[in-house]
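Thanks for coming, everyone. Have a look at the screen first.

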Amino acid sequence: MAVKIKLKRLGKIRSPHYRIVVADSRTRRDGRAIEELGLYHPVQNPSRIEVDSERVQYWLGVGAQPTEPVMAILKVTGDWQKFKGLPAPPPMKVAEPKPDKRALFEAAAKESGGEPRGEAITPKKKAEKKTDAEPQAASAEG
């Protein structure tokens, strides 16, 4: 049985993400997999790549053949060079951690002093006073 390490496509139209899986070479692209080895999200900037290095080394060692896209991913992560005994590649780019939304909100609240100010606040509408003409018209009719 020929075993391949390939990409299994998930996600909606125009927003794909993939799982790196080990599967029989005869199965469909999104068919049954023997084992999942990692994730690949190409739409994010920089691309999100997570690979279980130990399991990849095992499967490469027992003869699993990576497809071309998977081989490119393994070269980026350094797993292919580790398997072949080559020098490691430069480190991958990692996305900056997103700032905590609660901390940003609290900082903005402290900065404003807790008091609303400026043109962003519209004044409340005042209730219109009834004119004296209305009661007189009502009494004349009755």
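Okay, let's start with helix α2, where the buried residues are Val70, Ile73 and Leu74. Buried here means under 20% relative accessible area, exposed means over 50%, and partly exposed is in between, with a 1.4 Å probe and protein chains only. Looking down the axis of α2, those buried residues sit within an arc of 100 degrees, so they line one face of the helix. The arc is taken from the directions that run from the helix axis to the C-beta atoms.

Before I go on, some housekeeping. This is a predicted model, where local features need pLDDT of at least 70 and side-chain atom pairs count only at pLDDT 80 or more, while totals for chains, interfaces and linings use all residues. Residues are numbered from 1 along each chain as its sequence is written, and side-chain values use heavy atoms, with hydrogens and water left out.

Now, the overall layout. The protein chain has five helices and five strands. Those are DSSP runs numbered from the N terminus: helices are H or I with at least four residues, strands are E with at least two. Reading from the N terminus, the order is β-β-β-β-α-β-α-α-α-α. Of the 142 residues in the protein chain, 22% are buried.

β1, residues 3-12, and β2, residues 15-24, are antiparallel over 10 bridges.

On to β3, residues 35-41, which pairs with β2 in the antiparallel sense over five bridges. Here Tyr18 has Tyr40 as its bridge partner in β3, and Arg19 stands opposite Leu39. β3 then joins β4 through four bridges, again antiparallel, with Gly38 opposite Val51 in β4. Those two strands form a hairpin as well, with six residues between them.

What about the parallel part? That's β1 with β5, residues 65-66, over two bridges. Ile5 has Pro66 as its bridge partner in β5.

Now pick out Gln57 on the screen, in helix α1. Is Gln57 buried or exposed? It's buried, at a relative accessible area of 18%. Beyond its neighbours within four places in sequence, Gln57 is in contact with Asp79, Lys82 and Phe83, where contact means heavy atoms within 4.5 Å.

Last topic, the aromatics. How many aromatic pairs does a search of the whole structure find? Three. The rule is that rings of Phe, Tyr and Trp (its six-membered ring) pair if their centres lie within 6.5 Å; planes under 30 degrees apart are stacked, over 60 edge-to-face, and the rest tilted.

One of the pairs is Tyr58 with Trp59, edge-to-face, at 5.3 Å centre to centre and 75 degrees between the planes. Tyr58 is partly exposed at 40% relative accessibility, whereas Trp59 is buried at 12%. Another is Trp80 with Phe83, which is tilted: 5.8 Å centre to centre, 45 degrees between the planes. Both lie in helix α3, residues 79-84, three residues apart, or about one turn of the helix. Trp80 is buried at 13% relative accessible area, and Phe83 is partly exposed at 32%. Phe83 is also one of the residues in contact with Gln57.

That's it from me.

Technical notes. Pairing = 2+ DSSP bridges.
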